[in-house]
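Dear colleague,

Please find below the structure that I am handing over to you.

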Amino acid sequence: MKLKRTTATFTAFLLAMPTILVSAESEEPAEDSSAQGPGAFDKKDEVIYANLDSSGAQQDLYVVNNFTVSEEGTITDYGSYSSVQNLTDLTAIEQEDDRIEFTAQEDEFYYQGNLDNQALPWEFDITYELNGEEMTAEELAGEEGELQIQIDTAKNEEGQEVFFNNYLLQITMTFDSERYKNIQAPDGTIANAGKDRQVTFTVLPESEESFTVNADVTDLEMDSIQIAAVPSNMAIEAPDTENLKEEVMPLADATSEVNRGVGELRDGVAELNDGVGSLYNGSAQYLDGINQLQANSGSLVEGSDSIKGALQQLSQAVGAGSGNMNLSQFTELTGGLRQIAGGLGEVQGGLTELSGQYSQAYGALDQAVAAIPDASVSEADIQALYESGADPATVDQLVQSYQASLTVKETYNAVSQAFDAISPALETSAGALTDLQSTLNTMADQLETSLSATNMDESLQQLQEGLQTLSANYDQFHSGLVSYTGGVGELANSYGELHNGLAGVNEGTGELENGAAQLNDGTAELADATSDLPDQIEVEINELIGEFDKSDFEPVSFVSEQNENVETVQFVIKTAAIQKPDEEQTEDAVQEEKSFWDRLVDLFR
């Protein structure tokens, strides 16, 4: 019975078909869109769809334009499309060069425009490695091993810069959790999406990034990589910086204290350098005196040796009798003794003057070294100064100058006993020369007294005794003089080394003063730069926020600057999926084309 009713219905439909077709053909054609008046729309949205190959190269690009129509009629749009297609109804869209016209009802209207010669604002480079070997996507399908995918994004110089500067990219990769294990994405976010795992990367405006994903894969297949680009129009609220300001204030104060401390160090080093300079000048004078004394020591010993020989001859002559004596020799001997005594007096005067100059220079040096601060700076304090954000070169100078000042003070403390011993040695040497001078003058006086006696025989007897005593004593004096001049030679050689050391110290303290001055200039700049550090931090934060706050961005059309009322422009980009080829090949048998009636009958089977 059911079959009979169906057959009857079908028969009735077939009988009515000619009537329906005739009725359809007799209807009047739709009204020409050009006869419509101008329409209006409130806003326009553009969604740009782009297809990339598996390596990221651009392939297809088309735009879906959406108009919110406020007044029915003809609407004009612009775009360099290779072709357009109405996605709303069956009315025609007229295209003349870049000018697009269509008739829209009061509602939403959509049409698609295909672009052949327009570039995306971004370039994408996608590479694949399996077990450390670079491979193409086609080669990867069905493989297994350790997979690494690298995605590089960059500005496309042929694209529109306004979108690169204001749009945020979100890159999404979906992995079948049955195929992919141990997924790692250092710069991405990994989340579950049903039975799949989803990795998401974000690229900020005006940025070029490189991302990698690593995983263990079996029977490799992968869905398309999805890339969305939207305006980064989030308004970023400035954080409360009051607590931060309070935390950095101690740093600013500490920097100021460091500057004051370095200023004191600079003053102390300047005094030290002045003291060392005075010491060096006094040492130079002392060295000259010692060298002159050493140079004259040979003549002094030769003269003393002559006096010694003359005394021996006189003593022998007096012992033999007055007839064999030449009294003029006594007169020459007296003059020689007084001449030697005078020379020793000059040397003693030079030593006394040198001792005074050395004491003055040494006192200045001692005060300068004592002025170096004793405060110690710990390694933790130095590390904190490096971590404070101060200029590393300035901090290096500060640390080096601090360590050099400690070295100078420690070295001075170690050798101060040697400096202390020099002044007494100078005084002792001067006193010894004074005694020698006095002895020689006394000997000359005694000899003159003996020569002026009236009783020659008695005087000769006394003279002989005196000469014998004088000759014996002069032997001891001459031996002491030889030892003294030998000591002067050793002192001159040794003090030459000491003076060279003082020259090095003088040069070093000069460099130290220059370094301390430069360091003080640097810490002054640092203190000045950090004095308003809290306010600077707030300014820097505001500038940083301003770089990423694109909330004032005004949308512009991707396809033509003539388009108006553009509210949103979005990009939907995807790569080709990686799939294995079908194992079962479809038969190439050509099916016989069915007639209209055959297809109509198939509907009721």
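Phe41, Phe67, Tyr81, Phe102, Phe109 and Tyr111 are linked into a cluster by ring pairs; rings of Phe, Tyr and Trp (its six-membered ring) pair if their centres lie within 6.5 Å, and planes under 30 degrees apart count as stacked, over 60 as edge-to-face and the rest as tilted. The model is predicted: local features need pLDDT of at least 70, side-chain atom pairs count only at pLDDT 80 or more, and totals for chains, interfaces and linings use all residues. Residues are numbered from 1 along each chain as its sequence is written, and side-chain values use heavy atoms, with hydrogens and water left out.

By this rule there are 16 aromatic pairs. One of them joins Phe41 and Phe67 edge-to-face, at 5.0 Å centre to centre and 85° between the planes. Phe41 belongs to strand S1 (residues 40-52) and Phe67 to strand S2 (residues 58-71), so the pair ties together parts 26 residues apart in sequence. Strands (E, at least two residues) and helices (H or I, at least four) are DSSP runs, numbered from the N terminus. Phe41 and Phe67 are both buried (under 20% relative accessible area, 1.4 Å probe, protein chains only).

Turning to the sheet, 5 strands form an open, antiparallel arrangement in the order S9-S8-S10-S15-S12; two strands pair if DSSP finds at least two bridges between them. Strand S9 (133-135) and strand S12 (180-184) are the edges, each pairing on one side only. Strands S10 (residues 145-155) and S15 (residues 210-217) pair in the antiparallel sense over 8 bridges, with Gly145 opposite Val217 in S15.

With kind regards

Technical notes:
Buried < 20%, exposed > 50% of the residue type's maximum accessible area, 1.4 Å probe, protein only.
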